[in-house]
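Have the model open in your viewer and your selection tool ready. We will go from the whole chain down to a single side chain.

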Amino acid sequence: MARPRAFDERHVLERAREQFWAAGYAGTRMDDIARVTGLGKGSLYGAFGDKGKLFHRVFGDWCTAVVEVAEERLTGGPDAEALARLSGYVHLMAENTASDTERRGCLLAKGAAELAQNDPTVAGRSAETMTALLALLRTEISAAQRHGDIDSTADPERLAALLLTVVRGIEAVGKAGLAPETLRNIADTALAVLPMGDGQKGLAAGRSPAREN
């Protein structure tokens, strides 16, 4: 009969995530993971496999969380509130980046940049995550079009891709050192350039959408 594990798996994964997030994959050794988790390397290998498998577990959990955050903001609700949901999500991403004073960035972006070229698991998980985010944005854009807030003749797929690129780009330029207010202005501008539908044409030209906290 197998002995139960004498450690909190979730805590170990969180500590491993922090190490990978801070030092990157190449900059992290299993000795580092053992140090931050308090486990011996034998226990780590027995529970999670080698460093690559452990990173895949951490990376997969992170990607799941990224999609869950988007789902909380973008899934469901009346069409009349779809534009507000889009605005809330884009501004949330800008605020999260603005508050990242250590400039660690997103583990999804860091892991993909470092490993996707040669690691099919990381490449595939990254693509799945981006596809899921794109679908959520596209659904809300279509809802806003049905309500008349976004031009119904615009291609929702292209607009979703634009917003996804803006959201992920904000994270990249924020990590590079752009000021928090600049990041917020990028979010405002991206939303302001969406083609307005009949429900929004009464707004003053150039007015940025209301910022949501």
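Start with the contacts across the whole protein (contact means heavy atoms within 4.5 Å): of those with a separation of 6 or more, 71% are accounted for by residues 24 or more positions apart. This is a predicted model, so local features need pLDDT of at least 70 and side-chain atom pairs count only at pLDDT 80 or more, while totals for chains, interfaces and linings use all residues. Residues are numbered from 1 along each chain as its sequence is written, and side-chain values use heavy atoms, with hydrogens and water left out.

Next, switch to cartoon view. You will find 9 helices and 0 strands, taken as DSSP runs numbered from the N terminus (helices: H or I, at least four residues; strands: E, at least two). The C-alpha trace spans about 65 × 40 × 30 Å along its principal axes.

Now colour by accessibility. Of the 213 residues, 40% are buried, meaning under 20% relative accessible area with a 1.4 Å probe, protein chains only.

Then select Leu44, Leu54, Tyr89 and Leu137: they have the most contacts inside the largest nonpolar core, which has 55 residues. Such a core is a set of buried Ala, Val, Leu, Ile, Met, Phe, Trp, Tyr and Cys residues joined through side-chain atoms within 4.5 Å. Helix 4 (residues 51–74) gives this core its largest share, 10 residues.

Finally, zoom in on Leu54. Which residues is Leu54 in contact with, leaving aside neighbours within four places in sequence? Look for Leu13, Ala16, Phe20, Met30, Ile33 and Phe48.

Methods
Buried means under 20% relative accessible area, exposed over 50%, partly exposed in between (1.4 Å probe, protein chains only).
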